[in-house]
Amino acid sequence: MKKKTVKDISSLRGKTIFLRVEFNVSLNNGKVTNDIRIIEALPTINYLLNRGAKLVLACHLGRPKGIVNPKYSLLPVAQRASELLKKPIHLVKNFWEEHALGEVKKWKKKEIILLENLRFHKGEESNDKRLAKHLSKMAEIYVNDAFGSTHRAHASIVGVPEYLPSFAGLLLDKEITIISSALENPKKPFVVVIGGAKTPEKIGVIEKLLDIGDTVLLGGAIANTFLAAWGFGMGRSLVDHEMVEMSRVLFWKSSRQHSALILPQDVVTSDSERKTKPKVVPYNEVNNDAVIYDIGPKTAQHYQEIMRSAKTIIWNGPMGLFEDPRFSAGTECILKTLTECKGATTIIGGGDTLSTIHEKDLLKNITHISTGGGATLEFLRFGTLPGIEVLQDA
Ligand code: ADP
Ligand code: MG
């Protein structure tokens with residue numbers, strides 16, 4: 001399933017490219033707190049600029065649900081990207097209006113264009129044909145470098161490519177190449193670490209990874225749902241009750257296939273307001289009014305031992321509520337262990353997972369930092385994504 005990339009575009013000079021990027025970064029007080037996703041997009045941006053192309057960048061940020069909301073404005077992102085590129089960026093506010101076409105035409109000569117948050121218009125998520133057609137009028141060529149959104153059948157991912165010749169960016173191409181090779185011919189043992197809170201989005205992937213992986217280690221709120229499926233009381237912890245049945249199916253599947261699905265043996269708890277002192281308890285002794293916020297130290301050590309013998313490791317999702325330093329130990333242990341597995345192919349993905357990496361030095365010890373969360377997982381599960389399918393075949 002090889003797709004044409006930007007390197008297959010015969011002449012870029014003077015061409016206008018609609019470049020879908022993944023600048024969905026975390027913000028705090030109007031400042032970008034983690035710019036890994038912007039940095040990862042720079043090679044494609046520079047590749048196109050160096051060959052004389054004009055750029056219309058487009059992306060979404062958070063979930064404004066089709067409503068203009070200053071909280072989700074891309075202005076801080078434009079500022080950070082402009083600093084990194086050392087070039088001015090012009091932000092087009094009401095990009096869905098007719099006059100935006102003129103604004104793009106006028107500014108693209110001098111500056112890189114960035115459209116305001118695509119999800120300020122409801123047509124982005126509903127893949128509205130009119131919006132897609134309107135966006136396609138801004139450029140001559142479509143390039144997707146937003147791997148993290150490529151699993152979504154949204155206007156900027158699958159709609160615009162209906163109207164323009166469409167190519168993969170360098171980052172998207174790299175993601176496809178590295179992840180497919182890890183899946184097609186993984187070095188064994190193959191260990192998968194899954195955590196986080198998005199249980200419905202992740203559970204099907206756990207199922208697929210039980211087929212190809214040797215061991216799946218669970219943490220985070222997802223593990224609560226699996227423990228609840230065993231029948232243990234989870235107090236007031238985050239549990240996805242609709243996913244309990246599916247968890248049971250996975251227990252059955254793992255026992256049938258002799259792949260291991262491992263749950264935390266101890267957990268760190270507090271109350272729902274996180275006021276009481278954190279307490280480590282065994283998985284089967286969670287109080288009725290307690291909430292699980294992290295895996296316990298025994299679990300972390302056990303997971304570490306399993307990871308150390310692995311030759312391929314994929315990690316997605318924090319082991320707990322890592323944003324609170326009292327509950328970040330489990331997640332930090334997984335990250336540290338992963339970066340120490342020098343002989344293994346290591347792949348990590350997930351918006352929140354990436355934001356747990358504060359020391360940039362650690363990045364170079366990881367084989368591949370996937371810029372996708374849900375996209376990485378869906379790609380692992382299905383071997384392709386809706387936004388990859390619409391690109392031109394190589
Ligand atoms: P990713 O973006 O890496 O795929 P998710 O979005 O699925 O990860 O989940 C990340 C979020 O899950 C974080 O905000 C984290 O605080 C939260 N989380 C993880 N474990 C727990 C838990 N036990 N209780 C509550 N929230 C949790
Ligand atoms: Mg997340």
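**Surroundings of Met-319**

Leaving out neighbours within four places in sequence, Met-319 is in contact with Val-193, Ile-194, Gly-195, Gly-219, Gly-220, Asp-294, Ile-295, Tyr-303, Gly-330, Thr-331 and Ile-334, contact meaning heavy atoms within 4.5 Å. This is a predicted model, in which local features need pLDDT of at least 70 and side-chain atom pairs count only at pLDDT 80 or more, while totals for chains, interfaces and linings use all residues. Residues are numbered from 1 along each chain as its sequence is written, chains are lettered from A and ligands numbered from 1 in the order in which they are written, and side-chain values use heavy atoms, with hydrogens and water left out.

Met-319 sits in the loop between β15 (312-316) and α12 (329-340); helices (H or I, at least four residues) and strands (E, at least two) are DSSP runs numbered from the N terminus. Met-319 is buried, at a relative accessible area of 1%, where buried means under 20%, exposed over 50% and partly exposed in between, with a 1.4 Å probe and protein chains only. Gly-219, one of its contacts, is 100 residues away along the chain, yet the two C-alpha atoms are 4.5 Å apart.

In the largest nonpolar core, of 64 residues, Leu-115, Leu-218 and Phe-226 touch the most other members. Such a core is a set of buried Ala, Val, Leu, Ile, Met, Phe, Trp, Tyr and Cys residues joined through side-chain atoms within 4.5 Å. Helix α9 (residues 220-230) contributes the most to this core, with six residues. At least three residues come from each of domain 1 (6-171) and domain 2 (178-380), with bounds from an automatic or database domain assignment.

Helix α9 also packs against helix α10 (residues 244-257), at an angle of about 80 degrees and with the axes 9 Å apart. Axes are lines fitted to C-alpha atoms over the stretch in contact, and angles run from 0 to 180 degrees between N-to-C directions. The angle therefore makes α9 roughly perpendicular to α10, a term for 65 to 115 degrees. Thr-225, Phe-226, Ala-229 and Trp-230 of α9 meet Val-244, Ser-247, Arg-248, Leu-250 and Phe-251 of α10.

At the level of domains, the centres of domain 1 and domain 2, taken over C-alpha atoms, are 32 Å apart. Their contact takes eleven residues from domain 1 and 18 residues from domain 2.

Notes:
Angles under 35 degrees count as roughly parallel, over 145 as roughly antiparallel, 65 to 115 as roughly perpendicular and the rest as oblique.
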